[in-house]
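Have the structure open as you read.

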Amino acid sequence: MNDIAWIDAALTSARPRAVSALLRYFRNLDSAEEAFQNACLKALDSWPRNGPPRDPAAWLIMVGRNVGIDDARRKAKQQALPDEEALSDLSDAEAEIADRLDDSRYRDDILRLLFICCHPDLPATQQIGLALRVVSGLTVPQIARAFLVSESAMEQRITRAKSRIAKADVPFETPGAPERAERLGAVAGMIYLIFNEGYSATGGELPLRAPLCEEAIRLVRLLLRLFQNEPEIMGLMALMLLQHARAAARFDKDGSIILLEDQDRSLWDKQMIAEGLALIDKAMRHRRPGPYQVQAAIAALHARAARPEETDWAQIDLLYATLERLTPSPVVTLNRAVAISKLRGPEAALQMIEPLAPDLSGYFYFFGVKGAMLQQLGRNEEARIAFDRAIALANNAAEAAHIRSHLDRLQNNGAPASKKV
Amino acid sequence: MLYAVLCYNSEETVFSWSKQEEEAVMTKLIAAQEKMAKAGKLGPVARLMPTTAATTLRKDREPAVVIDGPFAETKEQLLGFYVIDCESLEEALDFARDLGKANPGGAYEIRPMALFRPGSLRQ
């Protein structure tokens, strides 16, 4: 990497720490961001000449705070102050501030910044937009592209979110243990939302939206570094790594969906899988199961199977049963039914999903699974009806195309297809 | 003399590289090892997962306790190592300098080895 690329990487990685500490000083998101921007400009000037500081975040906080204070004074007095003087002797000051800002302080700072972004007054899309802008430092055009909306629409969304937060009460006192746990839970949920925005992308949207998955993984990495012994954060990170590891195998050249059991497993990212498996192992030692850990454990069983036939469906069924207990939902039961179909056949699976019909009457995946089960049983007419319903409910062209391929098979040979959803 | 070249860097920075940045650095690092590899002086090379994947067994009490995370909380973390066979410290330093050009930031600790068993692991 050349100088600029290195500095750019250092600024990006220092951003959450620096902006969140500056927020504590200025108690205002815009001022914190502005101070950080100014500090970055100084860094671009100073670092190539003097070499990068040992702790870029501490340097940026120090400089950002000084510049911010100067700005505030200047605005107050309407006169210029010599800002080089205020910035002199940075190297000594840096060591001092680095000591003062110990890791526990950073921890709550960053958690606060992330928590502000998932303020309950904000709709999910605004939460995500704000977090990507403020915490990750993506530009508005970058975020707009990932969300497939115009730049002005995204700009407006972020501005609205900010003004709502400015009016809301932001808790600046150091949180107690219960508040910290609550914040951590909300933040983890928001990060998983970011991930799913990327993960649910299909076809031509893929290259634009997939970076959201990487950004979410970067954020959870940051969170786990700060909260090293939280099994649910390990679980969330493992879950995202194990899912994202399949990225290269999930779609064919035309952007059509390739099901898990049909994927070319040699395309799965082995490094991500290894890290995901290591994390879920670590998490389970704590014996404090949670929804992310259980979902990661399910993903881990898929990742461990070299061939689809080696999948441990009995264990997956047990894990879904645990998940049903932890977070009861018809969607979880639907997923469990797929495991049941592998263990005890389509008839048993159908029995399991029938009672879900009233809750899932608008859910694409329900009719996809139902159609596949009926198809396996040779009940082709009923299968066709279910598949038609699924197509009508498909969220995107790739989903619809996938179901259409089932219908084609029904039409062509009338015989039960070997492939299962 | 056998040396271990221990690679320290800020994991916060290294693990926020984009895929392209990552690939560019790795390609350069492999090129930087080529000279030593050709001379038959390059032993095992390892890259470690981030410290978030680490577990520590503290054995200074009975019974030993298992802790999440690395042994020490530092600004720079041990992220990997090389084993090399060099005539002199200067030669080892030259190798580290070559690596450093490919991957700026952080530090390499050049540590003479007291014992080396290649073991029987096959990847």
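β1(B) and β5(B) run antiparallel and are joined by eight bridges. Helices (H or I, at least four residues) and strands (E, at least two) are DSSP runs here, numbered from the N terminus, and two strands pair if DSSP finds at least two bridges between them. Within this pair, Leu6(B) sits opposite Phe81(B) of β5(B).

A word on ground rules: this is a predicted model, so local features need pLDDT of at least 70 and side-chain atom pairs count only at pLDDT 80 or more, while totals for chains, interfaces and linings use all residues. Residues are numbered from 1 along each chain as its sequence is written, and chains are lettered from A, ligands numbered from 1, in the order in which they are written.

Zoom out a bit and the pair belongs to an open sheet of four strands, ordered β2-β5-β1-β6 (chain B), with antiparallel pairing. β2 (42-47) and β6 of chain B are the edge strands with a single partner each, so one side of each has no neighbour in the sheet. From one strand to the next, the twist averages 20°. Helix α3(B) packs on this sheet, touching β1, β5 and β6 of chain B, and its direction makes about 155° with that of β6(B). Axes are lines fitted to C-alpha atoms, for helices over the stretch in contact, and angles run from 0 to 180 degrees between N-to-C directions.

What does α3(B) bury, and against what? Its buried residues are Ala92(B), Phe95(B) and Ala96(B); buried means 20 or more other C-beta atoms within 10 Å of a residue's own, exposed 12 or fewer, and partly exposed in between, with C-beta atoms placed from the backbone.

| Helix | Residues | Length | End-to-end C-alpha span | Expected span |
|---|---|---|---|---|
| α3(B) | 89-102 | 14 residues | 20 Å | 20 Å |

The buried residues of α16(A), among them Val332(A), Leu334(A) and Arg336(A), pack against α15 (313-326), α17 (346-353) and α18 (364-376) of chain A. Just after α16(A), Gly345(A) takes a positive phi of about 95°.

Back in chain B, Thr56(B) lies in strand β3 (residues 55-58). Thr56(B) is partly exposed, with 15 other C-beta atoms within 10 Å. Beyond its neighbours within four places in sequence, Thr56(B) contacts Ile67(B), Gly69(B), Pro70(B) and Phe71(B).

As for the two chains together, their contact takes 19 residues from chain B and 21 residues from chain A. On the side of chain B, α2(B) gives the largest share, three residues.

Overall, chain B has three helices and six strands, and buried residues make up 22% of its 123 residues.

Notes: Two residues are in contact if their C-beta atoms, placed from the backbone, lie within 7 Å. The expected span of a helix is 1.5 Å times one less than its number of residues.
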